[in-house]
Amino acid sequence: MVGLYFDNRIAHRFFGWTVPYSDTKIEVGIGISDRAKTTSLVAFRRFVAESDMEELEGARLVNGYASVIPLAARRRTVMGNVALVGDAAGQVKATTGGGIIFGVSCAKLLAHQVKKVVDGKGRLEDYEGVWRKRYGMDLKMHAVLHKYYSTVDSRGLGMFFKMSKLFGSEQFFSKYGDMDRPSLMLKRFFLRGLAK
Ligand SMILES: Cc1cc2nc3c(=O)[nH]c(=O)nc-3n(C[C@H](O)[C@H](O)[C@H](O)COP(=O)(O)OP(=O)(O)OC[C@H]3O[C@@H](n4cnc5c(N)ncnc54)[C@H](O)[C@@H]3O)c2cc1C
């Protein structure tokens, strides 16, 4: 069971997480905005201290690292004979910082575009429009959701989850869920939902 912790005081504009690997090993992490007036190490220590997780009682740190997570696509991803893909292009879900699915998907589009260029059937600049047309809307929808959860306070967020549960969000996600592409999720909902 993965744990997610939302509290703007500690995980400023992002969230904390726990991912158990086994009975004796757990990953604990926290993301904070670059606008937070603290460092990620200080925020991490505060998160561990304040969350009071019983899984961490008597625990020992075996490894640790910090990294940058881009949360917005770059305005321009092709210039001359250089094209950006993955984190370098900001092809990342702003909600979670997950960049594997979009990065790999865009890498595939870029590979096709490079093949076209080599075959003399296309221009590298067209990659810009190709990937934005396919995934731009989904990334924007993630950005809107991220803006919501990163600005609302913990009480408001608790209320939001309670209300969405009341309106049957669990059934909705199990039926139409796609945590990467919200646009596909809505498409499924309207097509399958209305087809019934
Ligand atoms: C803590 C954390 C947890 C994450 N969890 C998830 C998750 O659960 N799911 C998910 O989808 N995403 C997750 N992500 C995001 C995911 O790791 C990235 O989106 C993904 O790794 C981006 O891949 P990339 O190839 O674009 O960039 P990178 O993985 O950053 O690869 C870039 C590579 O280029 C190398 N490099 C840099 N400069 C040069 C240079 N000048 N010359 C040669 N090589 C160079 C770097 O060393 C690196 O190996 C997580 C990120 C973090 C920080």
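Leaving aside neighbours within four places in sequence, I32 is in contact with A11, H12, F14, T38, S40 and A43, two residues being in contact if their C-beta atoms, placed from the backbone, lie within 7 Å. The structure is a predicted model, in which local features need pLDDT of at least 70 and side-chain atom pairs count only at pLDDT 80 or more, whereas totals for chains, interfaces and linings use all residues. Residues are numbered from 1 along each chain as its sequence is written.

I32 is placed in the loop between β3 (26-30) and α1. With 22 C-beta neighbours inside 10 Å, I32 counts as buried; a residue is buried if 20 or more other C-beta atoms lie within 10 Å of its own, exposed if 12 or fewer, and partly exposed in between, with C-beta atoms placed from the backbone. Along the chain I32 and I10 are 22 residues apart, and their C-alpha atoms are separated by 8.1 Å.

The protein chain contains six helices and five strands. Helices (H or I, at least four residues) and strands (E, at least two) are DSSP runs, numbered from the N terminus. The elements follow the order β-β-β-α-β-β-α-α-α-α-α from the N terminus on. Of the 196 residues of the protein chain, 18% count as buried. Among contacts in the protein chain with a separation of 6 or more, 38% are made by residues 24 or more positions apart.

An open sheet is formed by three strands in the order β1-β2-β3, with antiparallel pairing; two strands pair if DSSP finds at least two bridges between them. Because β1 and β3 stand at the edges, each with a single partner strand, one side of each is left without a neighbour in the sheet. From one strand to the next, the twist averages 10°. Strands of a sheet pair through backbone hydrogen bonds, either parallel or antiparallel. In the present sheet, β1 and β2 run antiparallel and are joined by three bridges, and G3 has T18 in β2 as its bridge partner. The antiparallel pairing of β2 and β3 extends over five bridges, with E27 in β3 as the bridge partner of V19. β2 and β3 form a hairpin, and five residues lie between them. α1 lies across β1, β2 and β3 and runs at about 120° to β3; axes are lines fitted to C-alpha atoms, for helices over the stretch in contact, and angles run from 0 to 180 degrees between N-to-C directions.

R13, although not a glycine, has a positive phi of about 60°. R13 is found in the loop between β1 (3-5) and β2 (16-20), and it is partly exposed, with 17 other C-beta atoms within 10 Å. D52, also not a glycine, has a positive phi of about 55°. D52 belongs to the loop between α1 (40-51) and β4 (78-79) and counts as exposed, with 8 C-beta neighbours inside 10 Å.

In soluble globular proteins, nonpolar side chains tend to be buried together. A nonpolar core is a set of buried Ala, Val, Leu, Ile, Met, Phe, Trp, Tyr and Cys residues joined through C-beta atoms within 7 Å. The largest nonpolar core has 15 residues, and those with the most contacts inside it are A83, V85, A89, F102, C106, L110 and Y135. At least two residues of this core are supplied by each of α2 (100-118) and α3 (126-151), and the largest share, four residues, comes from α3. L110 is in contact with A83, V85 and Y127, leaving aside its neighbours within four places in sequence. Apart from this core lies another, of nine residues, among them I10, A11, F14 and F15.

The ligand has 13 residues around it, of which S67, G86, G98, G99 and I100 come nearest; a residue is near a molecule or strand if its C-beta atom, placed from the backbone, lies within 6 Å of it. The element that gives the most to the shell around the ligand is α2, with three residues. The shell divides into five nonpolar, seven polar and one charged residue, where Ala, Val, Leu, Ile, Met, Phe, Trp, Tyr, Cys and Pro count as nonpolar, Asp, Glu, Lys and Arg as charged, and the others, Gly among them, as polar.
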